[in-house]
Amino acid sequence: MLRGGDGLTVPPQPQPHPHSQQNLMTTIKKSTGHPTGLWVLFTTELWERFAFYAMRAILVLYLVSVSTGDTPGFGWSEADAYILYAWYTSLVYLSPIIGGWFADRFIGARMCVIIGAVLMALGQFALGATEFVRVGDIDVGLASDPAALWTFYTGLGLMVLGNGFFKPCISTMVGELYEPGDDRRRDAGFMIFYMGINIGAFLSPILGGTVGEIYGYQYGFIIAGLGMVLGLVIFLVWGKHLKGIGDPPVKRNVTQEMTAETMSPEERAAHERAVYEQTRPLDKKDYDRMFVIFILAFFVIAFWLAFEQAGSSLNIFAKRHTDRTVAPVVQTVIPDGLLIRNEDFLDFRALVQKVQVLSDQVDRERKGIVAPSPTFAERLARYNPFRERQQDEFADLPFEEQIELVKEHAERLRVTLSASRYPAIQEAIEQLNRVIDNAISSADAALVEGMTDGITESHREAIVEAITTLLVGERGSYGGQIQIDLQSMDAAERRFDELQRTFNEQREEEEWAVLEQRTFPATWYQSGNPLIVVVFAPIFIFVWGLLARFGIEPSTPMKFAFGLLLMSAAFLVMIPGAIEAKYSGGRAAIYWLLLCFLLKTWGELCLSPIGLSMITKLSPRRYVSQFMGLWFCASSLSYFLAGYMASYYGSGEGINLIFGEEGGLADFFLLIAVIPAIFGIIALFLVPMLKRKMHGVH
């Protein structure tokens, strides 16, 4: 007989056919010792997390990608992208309070899961539809392309609402599968459930992230939506194994209407126990345990503040500051369609195209010509995976010729956009160029004597800034945009030249036959965290169980302290990685991020699944979904702070603790490391008091 956590007894069912799906589920239950419903929830959550993390892996990259090229994005700055990411992730984990309240008071957890899945699928498809709505080849903003922006915001809003219904309720249903007092199996069940989360999270960047980065971000969002639909179908088809789990709240007047003819004495007793748990007055133990929940929820803010840098600052660090070049010997075993070809060249060329689009806009406005909107067929073609890609236009040319053509185009644009119709402005520009040329010559001479290239770099930036500033009055609002885009184009060209030089030197030294670079998508790093969870979760289960046999298993508060300290260590190892990126032309070795993900994932295994289990053990039965919502509310605040910290300091500017400008992002990573370290030390001192207030709950 299967007993749910609410005390309801499920009557014996007819014996299934030996080869039926139900018999398979029963066999799984007997072989694992866990309720069959765990595997239904496990699979449903796997696909929901696949959808969520596929979208999360590409969200910031989509926002900061250049608005031209084969995989156009919104063209936003990193700071603006981080702020939107902060609001989105914050609201995603704040909304479960509403969903938990609806489940506890009205419709039950099961119906909330269904509503949430539908809303999240619609949200993913709305995000994918943004590329159909947008005008194209311009930065997306409220003034430039409001339809695309509001379509995108609608998708994010549906994702927020859907997650609010789905997330707390499916976790609560896992807790209801186990009898009160069955803490060991409950913890193990949540760890298994957590592995399902991470299997989905592992697959999503590999599939959705790769497709999004290489072929178009709209495809990544659509793949995420299809994953959510699959999870919903699984939940609906095999939901019969969740009978009595996640039902609407039991009311006392329902009990009064029950008669002996409709309920057996055993069922009536179980039903009364469920009603009592929902209506009994709270005692001192309840209040003490709720106090522990509040304290640990406060500590978890510091943990997730650091952890959620994975989707923002660490994601950009992987994209722009990590060497992701795939060695030729490895390229032979990876399908070419999974790797990015000449990524730095494509970035440079996309910026050249963007400057060209801006130049065309200036010319059209001078002539009073209105740019035509894309036709329905042109918009629909954006979703054709077999469409001719822009690099195919001259892909048959040798790579060196492709580089030469793009560089010539870039130089023509510089000359055109640095010219003025007014003699006075043109004369000032020429004088400025002469002054700057002299300054650069002096700086180059200083370089020979061993000085850094900071002087030359600053003067190069001054050229573009000073020239385009003179043109603001002539070209109106486009003057500032020209300045930004020319600077970005100039920086991308220099970065490409440096990386190409390094690559050619290494190719000649090691006698590589390959003539072009191949890099793996930055989103693959997002699979590191869930992969480590899948590998190490069984080890952690074994270790906790082994320690429990000897009576020395750490308590929940102690595990929280371990998790915080491991998170601090994860960002300490990023400091030398940031310094290496600064001194190597912007490319750190691959292992810094891998080591960071390893340590922070160990911290996650100490804290996150244990925290979910803690909520179901310490909360009064009738408030369990709302306390699960509180847990996600603490996460919401931490994600908000994480995004804004990345916005203010994630570029390495505006913060000077120890390393200064020479350390790149080192001071930022140091700040992120210090916060969980302080909270972890405080948690260690509070462990004895928190254990007493848990009143025997481990």
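**Helix packing and nonpolar cores**

In this predicted model, helices H4 and H5 cross with a left-handed sense. H4 covers residues 96-133 and H5 covers residues 146-176, and their axes come within 5 Å of each other at a crossing angle of roughly 150°. Angles over 145 degrees count as roughly antiparallel, and the two helices are therefore roughly antiparallel to each other. The residues of the contact between H4 and H5 comprise 28 nonpolar, eleven polar and two charged ones.

A closer look at H5 brings in Asn 163, a residue of this helix. Is Asn 163 buried or exposed? With a relative accessible area of 1%, Asn 163 is buried, because burial requires a value under 20%. Leaving aside residues up to four places away in sequence, Asn 163 touches Glu 48, Arg 49, Val 92, Ser 95, Pro 96, Met 120 and Pro 168.

Turning to the nonpolar cores, the largest holds 141 residues, and the members that touch the most others are Leu 41, Tyr 88, Phe 152, Phe 571 and Phe 669. Helix H2, spanning residues 37-64, gives the most to this core, with 18 residues.

How values were computed. Residues numbered from 1 in each chain as written. Predicted model: local features only at pLDDT ≥ 70, side-chain atom pairs only at ≥ 80, totals over all residues. Heavy atoms only, no water. Axes fitted to C-alpha atoms, helices over the stretch in contact; angles between N-to-C directions. Helix = DSSP H or I, 4+ residues; strand = E, 2+ residues; numbered from the N terminus. Parallel < 35°, antiparallel > 145°, perpendicular 65-115°, else oblique. Left-handed = near helix turned anticlockwise from the far one by under 90°. Nonpolar A, V, L, I, M, F, W, Y, C, P; charged D, E, K, R; others polar. Buried < 20%, exposed > 50% of the residue type's maximum accessible area, 1.4 Å probe, protein only. Contact = heavy atoms within 4.5 Å. Core = buried A, V, L, I, M, F, W, Y, C linked by side-chain atoms within 4.5 Å.
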